[in-house]
Amino acid sequence: MNIDLSGKNALVTASTAGIGWSIAAGLAASGANVILNGRKPEVVQAAVEKLRRELHGANVEGVAADLSTAKGVQGVIDAVPSLDILVNNAGIFGPEPFFDVDDATWERYFQTNVMSGVRLSRYYMQGMLQRNWGRVVFISSESGLNIPADMIHYGVSKTAQIALANGLAKLAAGSGVTVNSVLPGPTLSDGFREMVREQHEREGTSYEEIGNDFVRKERATSIIQRISSTEEIANMVVYVCSPQASATTGVALRVDGGVVNTW
Ligand code: NAD
């Protein structure tokens with residue numbers, strides 16, 4: 001299968017690092033015009049230049065905006081009037097005991113993980129429906145099905161994304177617009193490295209070893225018994241954004257190495 005996204009305009013939110021970066025690189029390698037996003041203008045510019053260097057001739061631009069606020073999302077909409085592909089990847093995570101998670105934290109998780117995608121989809125899907133072609137992907141998590149007891153606030157926000165994607169897919173019924181969620185398992189991203197940085201510095205263990213150990217202890221049902229790479233997640237996202245994936249919509253596609261213990 002040869003995936004050709006030439007001429008398609010794609011935005012990947014939160015893509016200067018981590019899973020978002022690999023998705024952006026994968027879409028650009030398939031010919032899409034890619035818009036990177038992060039919070040700091042200098043970091044976004046550096047990422048744009050890096051991707052242009054790595055993929056000679058790739059059409060890459062950037063927009064700096066904090067997507068945890070309505071104002072930040074509006075900044076993106078003002079800068080990028082129309083899209084064919086929207087990947088809602090922005091999301092925060094981290095363990096915190098349920099009894100210590102206050103309203104402000106719940107609100108922050110919902111604004112960043114859920115409302116960013118609500119706001120962007122509300123605007124960009126209208127143009128996609130008018131043109132009768134589009135791809136919207138939410139990067140949810142296996143934690144949206146398999147809610148971790150130590151990250152309930154996170155898991156609930158990821159469940160909301162799966163529900164949102166399903167509803168939006170139905171809204172686009174009969175059109176050439178598909179909406180799906182992709183559910184990674186533990187993935188060796190910059191965010192994951194940050195989450196375990198103290199342990200890495202304290203024990204001198206590599207991030208990969210810590211990641212594999214985390215999977216075996218905390219996600220013991222994993223069939224692959226190791227942490228995933230960001231590229232493994234990106235491959236699924238690039239496929240689901242492709243013209244070939246036209247009959248896949250409204251579903252939660254797992255790239256979790258088998259963590260969720262159902263068929
Ligand atoms: P990450 O922390 O490595 O991502 C870093 C990127 O996020 C940077 O570009 C940073 O600028 C950007 N970012 C953070 N907050 C932002 C905001 N408010 N506005 C704009 N950009 C922002 O993250 P990751 O681990 O690659 O995770 C990406 C997505 O995948 C998240 O939605 C996460 O919930 C999901 N996910 C991650 C894992 C994992 O193990 N890493 C597993 C399942 C799901």
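The C-alpha centres of domain 1 and domain 2 lie 23 Å apart in this predicted model. Domain 1 comprises 9-185 + 232-255 and domain 2 comprises 187-227, with bounds taken from an automatic or database domain assignment. Across the boundary, 15 residues of domain 1 are in contact with eight residues of domain 2, contact meaning heavy atoms within 4.5 Å.

Residues are numbered from 1 along each chain as its sequence is written, and side-chain values use heavy atoms, leaving out hydrogens and water. Because the model is predicted, local features need pLDDT of at least 70 and side-chain atom pairs count only at pLDDT 80 or more, while totals for chains, interfaces and linings use all residues.

**Sheet**

- An open sheet is formed by seven strands in the order E3-E2-E1-E4-E5-E6-E7, with parallel pairing; two strands pair if DSSP finds at least two bridges between them.
- Strands (E, at least two residues) and helices (H or I, at least four) are DSSP runs numbered from the N terminus.
- The edge strands, each pairing on one side only, are E3 (60-64) and E7 (252-255).
- On average, neighbouring strands of this sheet are turned by 20° against each other, direction ignored.
- Strand E4 (residues 85-88) pairs with strand E5 (residues 134-139) in the parallel sense over four bridges, and valine 87 has valine 137 of E5 as its bridge partner.

**Helices across the sheet**

- H2 lies across strand E2 (33-38) and E3, running at about 170° to E3; angles run from 0 to 180 degrees between N-to-C directions, and axes are lines fitted to C-alpha atoms, for helices over the stretch in contact.
- Helix H5 (residues 152-171) lies across E4, E5, E6 (177-184) and E7, at about 160° to E6.

**Packing of helix H1**

- Helix H1 (residues 18-29) packs against helix H2 (residues 41-54) at an angle of about 40°, with axes 11 Å apart.
- H1 is therefore oblique to H2 (under 35 degrees counts as roughly parallel, over 145 as roughly antiparallel, 65 to 115 as roughly perpendicular and the rest as oblique).
- Trp21, Ala24, Ala25 and Ala28 of H1 meet Ala47, Lys50, Leu51 and Glu54 of H2 in this contact.
- H1 and helix H9 (residues 230-240) pack at about 50°, with their axes 8 Å apart, and are therefore oblique to each other.
- The H1 side of the contact with H9 consists of Gly18, Ile19, Ser22, Ile23, Gly26 and Leu27, and the H9 side consists of Thr230, Glu231, Ile233, Ala234, Val237 and Val238.
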